[in-house]
Amino acid sequence: MTIRAKIGLLLVALVACFSHAYADERMFHCEFGIEGGMGYYIGDAESLPFKNIREMYGANFRYKFTPRWSLQVKGIMHNIRGTYKLGTDFGEPISGNWSNQLVNLDVAAEFNFFRFGMQGYDRRVKPITPYILLGVGVCLHDKFHKIAAYMPFGVGVKWKFAPRWNLQLVWQNNLYFTDKLEAIPELDDRYELNGTNVFNCDITGTISVGLMFEFAKEKKICRMCQR
């Protein structure tokens, strides 16, 4: 057999292998990954976002019902901090620094704008999609002595760069049902407005990058059994 023939057979084998992998468009139902980025706080001690930015990190698990709908469970560690200045009866302001360690656990429903997955014969499936999320969560704070509920919501982008690997960029905000994240009596519920208006509550936000690994591939469909 000539060298050209051997090279030709090798190319045919590679194309056949690639075509087989490319044609297998079955979805992986589960994903697990890690993420990291930066976070901020908005409340009585700070009214603008993206100030006093601190690092955040965590892990998440996602279960995909369809290429467009999924449910995510996320846990993160996030430290919020800032400065404050308070007036006193003696006219001398009191200033200082504050910080509070947060441990967040939330469950959120996600909706992909496109059918997300490895592109193959189905041209509706896209390797990149924007998505939105909305859910519920709980937070431990004030040296893990207090618990607060919150509503997570956000937007993101997913990119499937390999059959089992995804990258995601997400901006998530957490609207807390409390005004006491500062863990300082002079700042917690400073204007005694808790319960009157949800916009008086504290907010935290994070911008993070995550790396996800997919597993639990859906079973092959038995065409003969469907007859």
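Residues are numbered from 1 along each chain as its sequence is written. Since the model is predicted, local features need pLDDT of at least 70, side-chain atom pairs count only at pLDDT 80 or more, and totals for chains, interfaces and linings use all residues, while side-chain values use heavy atoms, with hydrogens and water left out.

**Exercise 1. Work out which elements the protein has and in what order they come.**

Start with the DSSP runs: helices are H or I runs of at least four residues, strands are E runs of at least two, and both are numbered from the N terminus. That gives one helix and ten strands. Now walk along the sequence, and the pattern reads α-β-β-β-β-β-β-β-β-β-β.

**Exercise 2. Describe the surroundings of Thr204.**

Second, check its cover. Buried means under 20% relative accessible area, exposed over 50%, and partly exposed in between (1.4 Å probe, protein chains only). Thr204 has 1%, so the residue is buried. Third, list contacts, meaning heavy atoms within 4.5 Å. Leaving aside neighbours within four places in sequence, Thr204 touches residues including Tyr40, Tyr41, His78, Ile80 and Leu102. Tyr176 is also one of these contacts, and its side chain makes a polar contact with the Thr204 side chain at 3.2 Å. For that label, a pair of N or O atoms must lie within 3.5 Å; within protein, one must be able to donate a hydrogen and the other to accept it, and residues adjacent in sequence count only if both atoms are side-chain atoms.

**Exercise 3. Look into the cysteines and the overall burial.**

Cys30 counts as buried because its relative accessibility is 10%. Cys139 comes out at 1%, so this cysteine is buried too. Then search the whole structure for disulfides (cysteine sulfur pairs within 2.5 Å): the count is zero. Finally, zoom out to the 227 residues of the protein, of which 35% count as buried.
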